[in-house]
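Have a look at the model first, then read on.

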Amino acid sequence: MGKIAFVFAGQGAQYTGMCKGLSPETLARLDAVRPGTARQIMEADADELMKTDVTQPCVYAADLMAAFALEERGIKADAVAGYSLGEIAALAYAGAFSIEEGMKLVAKRGEAMQKASDLHETGMAAILKLSDEKVIEICSRFDQVYPVNFNCKGQISCAGDKAQLLDFAQEVKAEGGLARILEVAGGFHSPFMKTAADELESVFASVEFEETKIPVYANYTAAPYEGNYADIMTKQIVNPILWQKAIENMIASGVDTFIEVGPGNRLGKMLSRISKDILLLNVENEETLEAAVKAVGGR
């Protein structure tokens with residue numbers, strides 16, 4: 001077996017009761033920083049969980065519950081990446097800052113991005129069955145629709161003004177593609193998030209970062225974090241996610257086993273379209289934890 005990577009789920013994967021029963025100690029530590037997180041994870045309905053300022057700290061906590069549940073069973077990552085919000089969980093897991101500091105950061109990030117979302121009626125859509133070049137060309141027909149998440153071959157997420165997204169979806173259909181509206185409350189990783197990036201720039205700059213213990217592949221560069229961590233985190237908010245390229249770079253570094261940690265298995269579905277030569281697992285509950293442990297030989 002080659003290297004193991006954990007990939008941390010992002011916004012849009014949330015559901016009530018996510019990661020229930022995994023690493024209660026981790027959840028308790030994070031709930032102490034942001035009281036009410038445990039209740040929201042276990043009890044909040046879909047509407048409450050969809051609010052960005054709720055989604056982000058809850059998914060962050062769930063991601064780390066899954067990751068540390070694996071560690072408690074003897075399975076550690078050799079490298080990590082996180083999808084959008086999940087990148088903060090990846091950084092915390094890798095030791096860039098404590099998980100408590102990460103919770104404070106993600107709470108501020110969620111609040112700032114919620115405020116930015118409230119300034120415009122925006123949303124996101126996943127575009128399937130079209131080439132990257134065609135999706136970029138269709139976006140160019142609109143002044144407020146942007147290609148933002150380069151997920152895998154044949155799948156790009158776009159952010160835009162809600163009214164324009166509807167017309168954009170029709171253009172996608174006319175070109176033979178499929179547009180699926182995502183369960184998120186904003187136009188993330190686009191110019192719509194500039195006010196959030198401006199607000200968070202000083203927040204991130206105030207953090208005393210530690211060098212990560214393992215490589216953390218950044219959404220913004222598709223390469224391991226190095227240099228000015230705060231600048232990379234800030235730029236991630238208003239720039240596209242280079243997910244496919246990051247995963248390809250991880251595979252090139254020797255990773256052949258990817259474990260998605262946190263709610264759902266959306267990332268695994270993307271990874272299955274990036275490479276057929278990797279082992280894909282996910283951990284979001286006790287059943288999937290046991291399956292992952294069995295598959296990779298934890299204690």
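## A loop residue to start

Ser131 is partly exposed, with 37% relative accessible area; here buried means under 20%, exposed means over 50%, and partly exposed is what falls in between, using a 1.4 Å probe and protein chains only. This residue sits in the loop between β3 (122–128) and α7 (132–139). Its C-alpha is 7.9 Å from that of Gln155, although the two are 24 residues apart along the chain.

Some ground rules: this is a predicted model, where local features need pLDDT of at least 70 and side-chain atom pairs count only at pLDDT 80 or more, while totals for chains, interfaces and linings use all residues. Residues are numbered from 1 along each chain as its sequence is written, and side-chain values use heavy atoms, with hydrogens and water left out. Helices (H or I, at least four residues) and strands (E, at least two) are DSSP runs, numbered from the N terminus.

## The parallel sheet

Which strands make up the open parallel sheet? The order is β7-β2-β1-β8-β9, five strands in total; two strands count as paired if DSSP finds at least two bridges between them. At the edges are β7 (216–217) and β9, each pairing on one side only.

Strand β8 (residues 255–261) is mostly covered, with six of its seven residues buried. Six bridges link β8 in parallel to β1 (residues 3–8), with Ala5 partnered by Phe258 and Phe8 opposite Val261. Five parallel bridges tie β8 to β9 (residues 279–283), where Thr257 faces Leu279.

## The antiparallel sheet

The other open sheet here has four strands in the order β4-β5-β3-β6, paired antiparallel. β4 (145–152) and β6 (178–181) are the edge strands with a single partner each, so one side of each has no neighbour in the sheet. From one strand to the next, the twist averages 30 degrees; axes are lines fitted to C-alpha atoms, for helices over the stretch in contact, and angles run from 0 to 180 degrees between N-to-C directions.

Six antiparallel bridges connect β4 to β5 (residues 155–161), and Tyr146 has Ala159 in β5 as its bridge partner. Helix α12 packs on this sheet, touching β4 and β5, at about 75 degrees to the direction of β4; contact means heavy atoms within 4.5 Å.

## Helices on the parallel sheet

Helix α12 (residues 266–274) forms a right-handed β-α-β unit with β8 and β9; right-handed means that, with the strands pointing away from the viewer, the path from the first strand over the helix to the second runs clockwise. Helix α13 (residues 286–296) lies across β1, β8 and β9, at about 145 degrees to β9.

α4 itself is mostly covered, with 18 of its 21 residues buried. Just after α4, Gly74 takes a positive phi of about 90 degrees.
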